[in-house]
Amino acid sequence: MKLDRFLRIYALSLHLYPKTFRERYREQLLDAARQAYGEREFGHGRLLLAYLRDSLGSGLWERVSTPLRPLHAILLTGAATFVLLAMAVGAQQIVRRQADIKPRQAVASIAVTLEAGGDEHILEPREEISDLDWLRSDHTFAAIYNPAGEPIAASATLHGAFPHPPSVIFPRIRRTGRTVITWQPENRVRLALTVRPLPNGNYIVAGQSLLPFERRESALRLSFAIAWGLVLCAAGGLFFRRSAPYAPLR
Amino acid sequence: MSTARTSPEDHLPLTPAVFAILLALADGEKHGYAIMQEAREHVSMGPGTLYGTLDRLLAAGLVVETRLSEDERRRYYRVTPLGKRVLTAETARLQRSVSMAHEKGIRPIEVKA
């Protein structure tokens, strides 16, 4: 590699330094690189890599040591907020989708049993959905509904009766194909339901309490809020810190 | 480092890079590359680290710029009296540590920086 190219590449890497530092030391940094090129003990490529690594490390350090300009502080905070917000929404979606996994498996299993000649009596109510223990657990319930949305059989009850989501949702599910819904029959009971329309007009429904997942979502929200607070503190710290002492030229 | 710190002890302990730079300048003025070459006998140091550290030493009054080379590419630096006192104090501090290590039976081995 020729000296000109070596210096050109190294000069580009000097943009990693804050402008004030670059203006103050550019010529001296280039001079050091020029001399190192002449006196090198190993190949040009290795020397260039060492100098680029130095620019990266020292440049970022000098930037951290330099107070942010107001616009940069706002942009940095805005970008970090956007990234954290996107991550929080994504994580929340992932957690919510996890609540659909077991109901989907239960629906598929019941559909196979029914196709194999089983009838709705395979479901017998054994659990009570409104029990706090059930709501906190990862248990699922399953139920079969007729074409009018009336329950035929269920593996759990809600206050002693078969769980009965609003009948209007069933034709809508058949029409839209959107088989995953959230049902809140009462204040503290929120269920993730998966519905599968059957060829005979009936519906299989399986559901799971959202309570454990909402707790995970709360923990996630708290983590992201703390991370956001730290970002604000870091940006504030970089903004308010004292100026780097780049000495004036004599 | 702050210009308000005028007692040598206020600057201690020195980082290895600061110690190496002050030591390189102890026997007279040098330009940046020469400082870096000599400092490299003690610590790993690139030009960015050198000039970043030099800048802080200038601001703290431990080092001053003396002159420009004829082609005006190089700036020469010299350690100030305060810088020398800081270097002496740091050397004494390190010596005390080394003596303590000797008392505990620690002996130097051949180390290459």
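## Strands and their partners

Two strands are said to pair if DSSP finds at least two bridges between them. In this predicted model, strands β1(B) and β3(B) are joined by 2 bridges and run antiparallel, and within this part of chain B the residue B:His31 has B:Tyr76 in β3(B) as its bridge partner.

These strands belong to an open sheet of 3 strands in chain B, which follow the order β1-β3-β2 with antiparallel pairing. Because β1 and β2 (63-68) of chain B each have a single partner strand, they stand at the edges of the sheet, and one side of each is left without a neighbour there.

## An exposed loop residue in chain B

The loop between α1 and β1 (30-31) of chain B holds B:Asp27. A residue counts as exposed if 12 or fewer other C-beta atoms lie within 10 Å of its own, and B:Asp27, with 9 such atoms, is therefore exposed. Although B:Asp27 and B:Arg78 are 51 residues apart in sequence, their C-alpha atoms are 9.1 Å apart in space.

## Chain A and its hairpin

Chain A contains 8 helices and 7 strands, and 24% of its 250 residues count as buried. Among the contacts in chain A with a separation of 6 or more, 66% are between residues 24 or more positions apart.

One local feature of chain A is a hairpin, in which 2 residues connect β5(A) to β6(A). Strand β5 (residues 180-186) and strand β6 (residues 189-197) of chain A run antiparallel and are joined by 5 bridges, and A:Glu186 stands opposite A:Val189 in β6(A).

## Where the two chains meet

At the interface, 17 residues of chain B are in contact with 21 residues of chain A. On the side of chain B that touches chain A, α2 (32-39) and α3 (47-60) of chain B each supply at least two residues, and the largest share, 9 residues, comes from α3(B). Sorted by class, this side of chain B has 6 nonpolar, 5 polar and 6 charged residues.

Helix α3 (residues 44-64) of chain A packs against α3(B) at an angle of about 30°, and their axes are 8 Å apart. Since angles under 35 degrees count as roughly parallel, α3(A) and α3(B) are roughly parallel to each other. The residues that meet here include A:Asp54, A:Trp61 and A:Glu62 in α3(A), together with B:Pro47 and B:Thr49 in α3(B). The residues of this contact between α3(A) and α3(B) divide into 2 nonpolar, 7 polar and 2 charged.

In soluble globular proteins, nonpolar side chains tend to be buried together. The largest nonpolar core in this model has 36 residues, and those with the most contacts inside it are B:Ile21, B:Leu22, B:Leu25, B:Ile35, B:Leu54, B:Leu57 and B:Val63. Both chains contribute to this core: α1 (3-13), α2 (19-38) and α3 of chain A each supply at least two residues, as do α1 (16-25), α2, α3, β3 (75-79) and α4 (81-103) of chain B. The largest share of this core, 7 residues, comes from α1(B).

Leaving aside neighbours within four places in sequence, B:Leu22 is in contact with B:Leu62, B:Val79, B:Gly83, B:Val86 and B:Leu87. A second, separate core has 26 residues, including A:Ala143, A:Leu191, A:Ala206 and A:Leu210.

Definitions and conventions
Residues are numbered from 1 along each chain as its sequence is written. Chains are lettered from A and ligands numbered from 1 in the order in which they are written. This is a predicted model: local features need pLDDT of at least 70, side-chain atom pairs count only at pLDDT 80 or more; totals for chains, interfaces and linings use all residues. Two residues are in contact if their C-beta atoms, placed from the backbone, lie within 7 Å. Helices (H or I, at least four residues) and strands (E, at least two) are DSSP runs, numbered from the N terminus. Ala, Val, Leu, Ile, Met, Phe, Trp, Tyr, Cys and Pro count as nonpolar, Asp, Glu, Lys and Arg as charged, and the others, Gly among them, as polar. Axes are lines fitted to C-alpha atoms, for helices over the stretch in contact, and angles run from 0 to 180 degrees between N-to-C directions. Angles under 35 degrees count as roughly parallel, over 145 as roughly antiparallel, 65 to 115 as roughly perpendicular and the rest as oblique. A nonpolar core is a set of buried Ala, Val, Leu, Ile, Met, Phe, Trp, Tyr and Cys residues joined through C-beta atoms within 7 Å. A residue is buried if 20 or more other C-beta atoms lie within 10 Å of its own, exposed if 12 or fewer, and partly exposed in between; C-beta atoms are placed from the backbone.
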